[in-house]
Amino acid sequence: MDAVEAVLEQWRREVPDLDVSPIGVVGRLLRLSRLWDKAIKDFLGEHGLEPGEFDVLSTLRRSGEPYELTAGAFLRASLVTTGAITLRVDRMAAKGLVTREPDPADRRSVRIRLTPHGLEVIDRVLPLHLANHARLLDALAPADRDRLATVLAALLEAQGDTPAR
């Protein structure tokens with residue numbers, strides 16, 4: 001029995017006329033999210049990164065060479081606020097992970113670019129990060145992981161979480 005099942009049993013006893021079964025899914029997803037957020041934050045901290053910094057590095061890395069995006073394109077790809085990205089990029093520039101350069105095509109815009117050091121960091125940490133994610137899913141067989149990914153994708157789509165254009 002997990003912690004959520006204990007909560008469900010209490011609610012079933014106290015309010016037997018209500019269907020508390022949604023707590024079984026939502027409660028577990030929320031608990032897993034908190035547990036995994038901490039595990040991922042701790043893992044990245046061991047590599048001198050915060051989760052937001054890793055998001056910036058990975059967004060730029062997966063954009064392909066020259067590993068840069070305009071600030072607007074970056075905001076659409078990462079779904080963070082302008083203020084949050086500005087502070088994050090400032091801290092990362094101070095660490096030598098990224099640069100902020102004027103866009104030659106539009107003087108009002110800037111480009112965020114991985115530095116050689118930033119590229120080295122993401123290329124070194126990414127395989128370890130993926131192994132850490134796999135470790136978090138060790139309790140599931142590969143077929144169960146695939147089914148869960150499909151079900152979660154359907155829930156995300158139903159909530160309007162689709163790729164930015």
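The largest nonpolar core comprises 23 residues, and L49, L57, L60 and V98 have the most contacts inside it. Two or more residues of this core come from each of the elements α2 (21-46), α3 (51-62), α4 (71-78), α5 (82-94), β3 (106-114) and α6 (116-136). The structure is a predicted model. In soluble globular proteins, nonpolar side chains tend to be buried together.

V98 illustrates the packing. With residues up to four places away in sequence left out of the count, V98 touches V56, L57, L60, V89, M92, A93, I112, R113, L114 and T115.

Helix α3 was examined next. Its twelve residues should span 16 Å at 1.5 Å a residue, and the 16 Å between its end C-alpha atoms agrees with this value. After α3 comes G64, which has a positive phi near 85°.

The loop between α3 and β1 (68-70) contains P66. The peptide bond that joins E65 and P66 is cis, with omega at about 10°. Y67 lies in the loop between α3 and β1 as well. Y67 is not a glycine, yet its phi is positive, at about 60°. The relative accessible area of Y67 is 14%, so this residue counts as buried. Most residues other than glycine have a negative phi, and most peptide bonds are trans.

Helix α5 has 13 residues, and the distance from its first C-alpha to its last is 18 Å, close to the 18 Å expected at 1.5 Å a residue. An α-helix has 3.6 residues a turn, so residues three or four places apart point the same way. Just after α5, the phi of G96 is positive, at about 80°.

With a relative accessible area of 15%, S109 is buried. Its contacts, not counting residues up to four places away in sequence, are with T70, P102 and D103.

A search for salt bridges across the whole structure returned 16. One of them joins the side chains of D2 and R28, with an N to O distance of 2.6 Å. D2 belongs to the segment before α1 (3-14) and R28 to helix α2, so this pair ties together parts that are 26 residues apart in sequence. Both ends of the pair are partly exposed: the relative accessibility is 33% for D2 and 27% for R28.

A second salt bridge is formed between E5 and R12, whose closest N and O atoms are 3.1 Å apart. E5 is partly exposed, at a relative accessible area of 22%. R12 is likewise partly exposed, at 40% relative accessibility. Salt bridges link D2, E5, R12 and R28 in a network.

The closest N and O atoms of R147 and D144 are 2.2 Å apart. D144 has a relative accessibility of 30% and counts as partly exposed.

Conventions:
Residues numbered from 1 in each chain as written. Predicted model: local features only at pLDDT ≥ 70, side-chain atom pairs only at ≥ 80, totals over all residues. Heavy atoms only, no water. Core = buried A, V, L, I, M, F, W, Y, C linked by side-chain atoms within 4.5 Å. Buried < 20%, exposed > 50% of the residue type's maximum accessible area, 1.4 Å probe, protein only. Helix = DSSP H or I, 4+ residues; strand = E, 2+ residues; numbered from the N terminus. Contact = heavy atoms within 4.5 Å. Salt bridge = Lys/Arg side-chain N within 4 Å of Asp/Glu carboxyl O. Expected span 1.5 Å × (residues − 1).
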